[in-house]
Amino acid sequence: MSEKKRKPTTKKPRVKTYTKELRALWPKIFSAVDMDNSGEIDKAELLKLSRNSEAKTIAAMMLQSDENEDSMVTPMEWALMFETLIEKHGAPDKKTYFHCLRMYNALIDEGKIH
């Protein structure tokens, strides 16, 4: 009897995604920027973020998430931004998660968090 040759399997290694971790961090970023604890982020709060590049990135994302263009970002709009990013770019990888974590830590380091 002749043995059949098996084709080598080419399974791709499973890549860890950071959706759960980033989903937990996302509202903390919002809270860090909401300096007056109003539950919304206004333009004045965003302008205070312009000191370093990490904070500028957050400010730009916040402005993009203002769906109704009322110059206020609500937690719902910020959460929608997260879902849009996942839908557009796929599940976040380690690099994306740690980039967002650096942005959050930059807010803490500057004393922007309450």
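## Terms and model

On a 1 Å grid over the protein atoms alone, a pocket is an open set of points with protein on both sides within 12 Å along at least five of seven lines, a cavity is a set of points where a 1.4 Å probe fits but cannot get out, and lining residues have an atom within 4 Å of a point. This is a predicted model, in which local features need pLDDT of at least 70 and side-chain atom pairs count only at pLDDT 80 or more, while totals for chains, interfaces and linings use all residues. Residues are numbered from 1 along each chain as its sequence is written, and side-chain values use heavy atoms, with hydrogens and water left out.

## The largest pocket

The largest pocket is lined by Leu22, Trp26, Met61, Phe82, Leu85, Ile86, His89, Gly90, Pro92, Thr96, His99 and Cys100, and about 200 Å³ of space lies in this pocket, a volume being the space filled by probe spheres set on grid points joined across faces, edges and corners. Helix 1, helix 4 and helix 5 each supply at least two residues of the lining, and helix 4 gives the most, with four residues; helices here are DSSP runs (H or I, at least four residues), as strands are (E, at least two), numbered from the N terminus.

By class, the lining of the largest pocket has eight nonpolar, four polar and no charged residues, where Ala, Val, Leu, Ile, Met, Phe, Trp, Tyr, Cys and Pro count as nonpolar, Asp, Glu, Lys and Arg as charged, and the others, Gly among them, as polar.

## Helix 1 against helix 5

The axes of helix 1 and helix 5 (residues 94–109) come within 10 Å and cross at roughly 25°, the axes being lines fitted to C-alpha atoms over the stretch in contact, with angles from 0 to 180 degrees between N-to-C directions. That angle makes helix 1 roughly parallel to helix 5, a label for angles under 35 degrees, whereas those over 145 count as roughly antiparallel, 65 to 115 as roughly perpendicular and the rest as oblique.

In the contact (heavy atoms within 4.5 Å), residues of helix 1 including Leu22, Leu25 and Trp26 meet residues of helix 5 including Thr96, Tyr97 and Cys100. By class, this contact of helix 1 with helix 5 has eleven nonpolar, one polar and two charged residues.

## Helix 1 against helix 4

Helix 1 (residues 19–33) and helix 4 (residues 75–89) pack at an angle of about 150°, with their axes 10 Å apart. That makes helix 1 roughly antiparallel to helix 4.
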